[in-house]
Each structure stands twice: as structure tokens, then as C-alpha cells.
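Me: I have a structure to go through. Please take me through what can be said about it.
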Amino acid sequence: MSGLLTPPTASTPWQQARAQLYQRPLAVAALLVLIAVILLALLGPLFSAYSFATPSWDEIYQSPSLRHWLGTDALGRDQLVRVLWGCRISLLVGVAASLVSVAIGVLWGATAGYAGGTTDSLMMRFVDILYTVPFIPLVIVMTVLFGRNFLLVFVAIGAVSWLDIARIVRGQTLSLKQREFIEAARALGVRTPTMIIRHLVPNLIGVVIIYATLTVPTVILFEAFLSFLGLGVHAPLASLGSLVSDGADHLQSQPYLLTAPAVLLAVIIACFSYLGDGLRDALDPRARH
Amino acid sequence: MSPAPLLCVRDLSVSYPSRAGTTRALDGVSLDLDPGEFLGIVGESGSGKTQLLLAMLGLNAQGAQLAGSIQYRGQQLLGASQRTLATLRGRRIGMIFQDPMTALNPYLTIGTQVTEGVRLHLGVGRRAARRRAIELLEAVQIPEPERRLAQHPHELSGGMRQRIVIAMALICEPEILLADEPTTALDVTVQAQILALLRELRIRTRAAIVLVTHDLGVIAAVADRVLVMYAGRVVEQAGVEQLFAAARHPYTIGLRRSIAELDGPLPERLLSIGGNPPNPAALPPGCAFAPRCAQAFERCQSAPPPLVSIAPGHTRACYFEGPLEMHSP
């Protein structure tokens, strides 16, 4: 009797969210694959006899073998080490830029939506103006300004790619602030900054997480594009994007140079999407039961 | 000798200008609230009762134009800065919202929401705030308060949530508690429990309570004094016994007649007031109730009747001098 009727013990929202996430096999699989990829990227190069940078002139364009599992590139460098390094760089770039972009976008959009009136108009017109600034030339200018520090460049990319999320968050905030609990918090004397951070942002978490998980692969792809233009990661450092673009040049003769980074890129991007979906469901308390 | 009023509202008007014309939500409302008093405000939807409560906290929607005066212990609230108002909200004047299903943030635990007030206004630490919250949940008769603190709103029933909302409003021991139809969204049995709770809390906390409702029965159960509102104006104001024994405004009488009495003879049929409340964007020049009033005569069309005293503690806004029929004609 007592055993059946005792309610489940109280747990934190995060414990509950985790329990929810564990019930979604696809999301869990995606999370495990991502963790595996991250561990591999971090630890793999440590156990390799090869360096990602040192050319080896007598081992140019070797096909995959026991010595070089993924073969070697035009300079005789071990492709496996280069792919793992590329993975590190791509993930770092994607996550750093997404964090910056989400942080700015959420705060900007929530502030504009919550403040309303003139403040809202001014803040959103500023976003509109930024939308008209051509992205590529801007990034080129920033690359010139920040020089060869690739991480700063991608933080800068994050700092200009927050416009979409600011708009989405503002729209959500406009509907949220009509809800009675926001008025109730105001009636309790809660001030605007606390209101935005404590009462609005948690309610935006679903949309933010989905957007963040979509931003990571977008930035990774954008980095690939910049690398193609010669504006991304500088040699000998590699990213998955630059490896794909290098590999594409030798598609006919050495297809293995394209396969590994392309597959890994696709896997990472797919995993972020599935994980994002799973997190959204797990973090929405209304989706429970 | 009555003590100085806690809250003093004078000639308060709230209007919403728009391209289609100005909507007058409140028009020249005055009221005094004494410490510890239980004031009931009755009116139909759109009579301005919620706007009146929101005005006391400076929470009217954007675009509202307010005129008149609202003084809390001599301090002018109308036109006060948001910063000043924020120090009063929750601390001196608490508010209970109508719908407990939407008045709680779905993403925050009950504990976070109940303790927010004390932590904000009194700078109480996490632990002390938690202890206080448990005391308060006990006061509003929530079983297993410790466990509730860690739960989210969706895990509780409607009645339970309304108790939480009341606890939130009470945690700083405000002197004034504004309750906006706190029982409307609840089952009748839960309604009765919440009303009993309000009555008990009032004795315990000595807070003055302003209860807004469209249900005269609720007012009869708890209030000391009643304000009847119609189309943004106060039409009658009296002590609760006085109002139920000798209502002197045709609208109040109409409201009374539309309710069955438990202990009285059952009427042939309940009478409803004919017609509809006027459009607040196009109020008639005279008494707003005149188009629905059986007693209306020419004078009623000219200008809205002023609120005049007809007996000690009893005021009404009506030109009609003759006897008003309490029971159906």
C-alpha cells in the first residue's frame, strides 16, 4: 500500500529533463555519437605518431593502409590526424560562434519584445539595418582586422549572425508577455532585468535550443565556405570544411580524401539536429506525461 | 473615529485612446480603503473592475491614459516611476490573479516562485526564504509543503495552484491584498475553500483585502463593504448588510434579482437585466445604465448622475427618487 502510493521523490528540473531525454533513443544515440566524436577529436591526435602539419614527401597520396588508416594527402600528411584536428577546429568554431550568437540574440530579442514601444522599434530597426549589411564583405573585413586568429573571427561571425534569433525571440516574447504569469511577476515587484533573465528566458529555452543546434552546423558549413575562399582556417591547420574542399579537388583520383571529412561533417550535423529535437521535448515541462 | 485610509483613490479615470475613439475603462472612480478592511467590488465584465486593480499597481496595459489620484499612505502612486512602484508591488500591495492555470510560470518551481517576493524585497537568504515559504504553504493549507516547493505548476491541481498564488501574494505580508476574481476559474467546492481561506488569512494577517468579482454571492460571503460598478463608474456603495437589505440603485437591484436566494422563497423565475452593457468606446451622454433601466426618465439622458450620500455609509449614483421594487413587479 505505502509503496504503491508514495509519490516519486522530488528532483530538480534538470534531473527530470535528463530522465526525459533518456527516453528518446534517437536523441540519446545522437548524444553518444557526438560525445564519441568529441573524445576522438580531443584524444585521437595524442595517440598518433603523425603530426597534422609536417609534410612527408615520400608518402604523397597514399591510399588507406594499416600505416595510414585514411591515407595521406598531397603533402604526405596522415589524413586521419588531419581529420581529427579538423573535427576539433570545426566543433570549436561552431560552438563558440553559436554561443555568442545565441547569447546576443536572446538578450536583444527578449529586451526589445519585453520593453515594447519605442525601445522595441529602435532595437528592431537596428536589426533591420544590420540585415542589409552584406555578410561576406563584413566577414572579410573582420578577418583582415583580426588577422590569423581564427577563433576571434568566428566569435565575430557569432556576433553578426544573431539577427534571426533576435527576431524569433522577440516574437516569442511578445506573446509570452501577454501571459498572466508575467503580469503576476510584475505585480510582485520584479524588475525588468530579472524579469527577462528569470521569467522570460526559461520559457524561450525550447526555441533557443532548437536554434542553437541549427546554428552550430550552419556555422560549421559557413566556415567550410570561408576556408574555400581562403578566409577560414589557415594551413597547415585544417577544419572539416577545408578538408572537404581539398578533397573535392582530388575527387577523381583520391576519393578517400573527400569521404572521411565529408562523412564526419554529415554525422556531426545530423547529430546536432537530432539532439536538438530531443532536448526541446525534454526541456518542455508541459510535454511530460 | 475611523483611522486614516490606507489607500485613497480620487476621481480615477483610465482611458485607452485609439484611432476608433477613446475607450473609457474607468470614469471618475473614488474609493477609500481602511486598514484591515474587506472591500468587495462587483460588476459585469467590462465594468472596469480589473482596470481599477491594475491601476493601483501601475500595471495598466501600454497606451493607457490615467487621470486622478491614487494615494497609498499619502504617497501618490499615479505617475510614480516604475522603480518606485516596483518597491511597493508585492511588498505593500500584493495581487492575486484570476486564473491560477496561467498565473504561474510553467518553467519555475513552486519554491522559486513563492520565495521570489521575500528574496526580492526583504533580501532574505535562500534558506530563510524556504522556511518562510513552507510556513506560508502551511498557512494556505497545502499538504506536504516541502515536497511542493520542488514541484512545477503543472503537477498541481487548480485549487492547489490558487493557494500557491495566494501564498506568493502574502509572503511579504502586504498591507493590501488585491484579488482579481480569485475564485472564478475554480470549482464551486474549491471556491468555498478559497473564500474561507481568504477570510481566515484576513484575520491572521490584518491585511486589507480588495476582492473583485462578478458574483454577488461571493461578496456576501466575505466582504464588509461593497462597491458596485457599471461601465467604469461606481453606481452604489454600501456596507454589505445595507446593500443586501436596501439596495438603492436599479442596477444593484437588478443584480440581486438575478440571483436565487437559498433561504428566501424561490422566485417564479430568475430575472435577468435586459439589454447589454454599453460599448465603453461610445458611452451615452447620461447615465450609462439608463438604456436598460425601467425607472429611466428624461434627466437620466442628460448627464451621468453624481454619487451622493443617501444614508450614513451608503452612496449611490441615481436620479430616481421614488421607491425601487426589490422583487419582481
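Me: What does the secondary structure of chain A come to?
Reply: In this predicted model, chain A has 13 helices and zero strands. Helices (H or I, at least four residues) and strands (E, at least two) are DSSP runs, numbered from the N terminus. The order of elements from the N terminus is α-α-α-α-α-α-α-α-α-α-α-α-α.

Me: How are the residues and chains labelled, and what pLDDT do the features need?
Reply: Residues are numbered from 1 along each chain as its sequence is written, while chains are lettered from A and ligands numbered from 1 in the order in which they are written. As the model is predicted, local features need pLDDT of at least 70 and side-chain atom pairs count only at pLDDT 80 or more, whereas totals for chains, interfaces and linings use all residues.

Me: Where is confidence lowest in chain A, and where highest?
Reply: By pLDDT, the predictor's confidence in each residue, from 0 to 100, helix α1(A) (residues 2–5) is lowest at a mean of 44, and helix α5(A) (residues 117–132) is highest at 92. Over residues 1–10 of chain A the pLDDT is below 50. Beyond near neighbours in sequence, that stretch has three contacts in the model, a contact being two residues whose C-beta atoms, placed from the backbone, lie within 7 Å. Where pLDDT is low, the predicted coordinates should not be read in detail.

Me: And what is the mean pLDDT of chain A?
Reply: The mean is 82, and 93% of the residues of chain A reach 70 or more.

Me: How much of chain A is buried?
Reply: Of its 289 residues, 39% are buried. A residue is buried if 20 or more other C-beta atoms lie within 10 Å of its own, exposed if 12 or fewer, and partly exposed in between, with C-beta atoms placed from the backbone. Along the principal axes, the C-alpha atoms of chain A fill a box of roughly 75 × 60 × 30 Å.

Me: Which residues of α3(A) are buried?
Reply: They are Ala27(A), Ala30(A) and Ala41(A). These residues cover an arc of only 60° around the axis, so they lie on the same side of α3(A); the arc is that of the directions from the helix axis to the C-beta atoms. On the other side, the exposed residues are Pro25(A), Leu32(A), Ile35(A), Ala36(A), Leu39(A) and Leu43(A).

Me: How many residues does each chain bring to the contact?
Reply: Chain A brings 20 residues and chain B brings 29 residues. On the chain A side, helix α9(A) (residues 180–187) gives the largest share, six residues.

Me: Turning to chain B, is strand β3(B) enclosed or open?
Reply: Strand β3(B) (residues 38–42) is largely enclosed by the rest of the structure, because five of its five residues are buried. Phe38(B), Gly40(B) and Val42(B) are buried on one side, and Leu39(B) and Ile41(B) on the other.

Me: Which strands does β3(B) pair with?
Reply: Pairing requires that DSSP finds at least two bridges between two strands. β3(B) pairs with β8(B) (residues 208–213) in the parallel sense over five bridges, and Leu39(B) stands opposite Val210(B) there. Four bridges join β3(B) to β9(B) (residues 225–230), also running parallel, where Val226(B) is the bridge partner of Gly40(B).

Me: Last one: is Ile203(B) buried or exposed?
Reply: Ile203(B), in helix α7(B) (residues 188–205), is exposed, because 9 other C-beta atoms lie within 10 Å.
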